[in-house]
Amino acid sequence: MATSSVLYAAAKEIGATCDAENRAFLKCKNADEDPAACLDKGEAVQSCALGVLKSAMATCQKTFQSYATCLDNQISQEYMFERCRKQESAFAECRQKANSSASVVAATPKDPSPRE
């Protein structure tokens with residue numbers, strides 16, 4: 001089971017990779033109020049997100065876990081992403097190499113200072 005910090009760490013990639021599945025699910029939910037009508041679309045979203053997580057762990061386990069751990073260790077949720085840019089950058093570089101194309105994880109400054 002994925003923790004919130006793991007999902008936060010993979011959020012950009014899940015959002016980009018699973019965009020079509022998410023849109024199909026939301027379109028279904030808007031068209032039909034019956035929750036059972038969209039179960040297959042919901043399962044597709046879940047399957048896609050799980051695929052992204054498995055891929056991240058298979059190709060970049062060390063940098064992915066480092067980024068997720070950094071996010072998890074932030075006491076203040078307000079600036080948690082800014083304080084983990086170094087780990088995010090390492091994860092993005094690893095995914096880019098693993099995918100042999102541009103990673104959907106945004107390139108970020110190496111060490112921006114957090115807002116006070």
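This is a predicted model: local features need pLDDT of at least 70, side-chain atom pairs count only at pLDDT 80 or more; totals for chains, interfaces and linings use all residues.

Me: Let's begin with two helices. At what angle do α3 and α4 pack?

Reply: To read a helix pair, look at the angle and the distance between the axes. Here α3 and α4 pack at about 165°, and their axes are 8 Å apart. An angle over 145° counts as roughly antiparallel, so α3 is roughly antiparallel to α4.

Me: And what is the hand of the crossing where α3 passes α4?

Reply: The hand is a separate reading from the angle. In this case α3 passes α4 in a right-handed crossing.

Me: Which residues of α3 and α4 meet?

Reply: List each side in turn. From α3 come V52, S55, A56, T59, C60, T63, F64, S66, Y67 and C70, and they meet Q87, E88, A90, F91, C94, R95 and A98 of α4. Sorting the residues of this contact by class gives 10 nonpolar, 5 polar and 2 charged.

Me: Let me try another pair. How do the axes of α2 and α3 cross?

Reply: The axes of α2 and α3 come within 8 Å and cross at roughly 155°. These two helices are therefore roughly antiparallel to each other. As for the hand, the crossing of α2 and α3 is left-handed. On the α2 side the contact is made by E21, N22, A24, F25 and C28, and on the α3 side by K41, G42, A44, V45 and C48. By class, that contact has 6 nonpolar, 2 polar and 2 charged residues.

Me: What about α1 and α4: at what angle do their axes cross?

Reply: Helix α1 covers residues 4-17 and helix α4 covers residues 85-99; their axes come within 12 Å and cross at roughly 45°. That angle makes α1 oblique to α4. The crossing in which α1 passes α4 is right-handed. A9, K12 and E13 of α1 make the contact with R85, E88, F91, R95 and N99 of α4. Their classes are 2 nonpolar, 1 polar and 5 charged.

Me: Now the cysteines. How many disulfides does a search of the whole structure find?

Reply: The search finds 4 disulfides. Let's read one of them, formed by C28 and C38, whose sulfur atoms are 2.0 Å apart. For its hand, check the angle about the S-S bond: at -95°, the link of C28 and C38 is left-handed. Then ask where each partner sits. C28 lies in helix α2 and C38 in the loop between α2 and α3, so the pair ties together parts that are 10 residues apart in sequence.

Me: Last topic: confidence. What does the pLDDT of the protein chain average?

Reply: The chain averages 86, and 84% of the residues score at least 70. Then go through the helices: confidence is lowest in α4, at a mean of 93, and highest in helix α2 (residues 19-31), at 96.

Me: Over which residues does pLDDT stay under 50?

Reply: Over residues 106-116. For that stretch, the model has 18 contacts beyond four places in sequence. Read those contacts together with the pLDDT, which stays under 50 there.

Technical notes: Residues are numbered from 1 along each chain as its sequence is written. Side-chain values use heavy atoms; hydrogens and water are left out. Axes are lines fitted to C-alpha atoms, for helices over the stretch in contact, and angles run from 0 to 180 degrees between N-to-C directions. Helices (H or I, at least four residues) and strands (E, at least two) are DSSP runs, numbered from the N terminus. Angles under 35 degrees count as roughly parallel, over 145 as roughly antiparallel, 65 to 115 as roughly perpendicular and the rest as oblique. A crossing is left-handed if the near helix is turned anticlockwise from the far one by less than a right angle, and right-handed if clockwise. Contact means heavy atoms within 4.5 Å. Ala, Val, Leu, Ile, Met, Phe, Trp, Tyr, Cys and Pro count as nonpolar, Asp, Glu, Lys and Arg as charged, and the others, Gly among them, as polar. pLDDT is the predictor's confidence in each residue, from 0 to 100. A disulfide is a pair of cysteine sulfur atoms within 2.5 Å.
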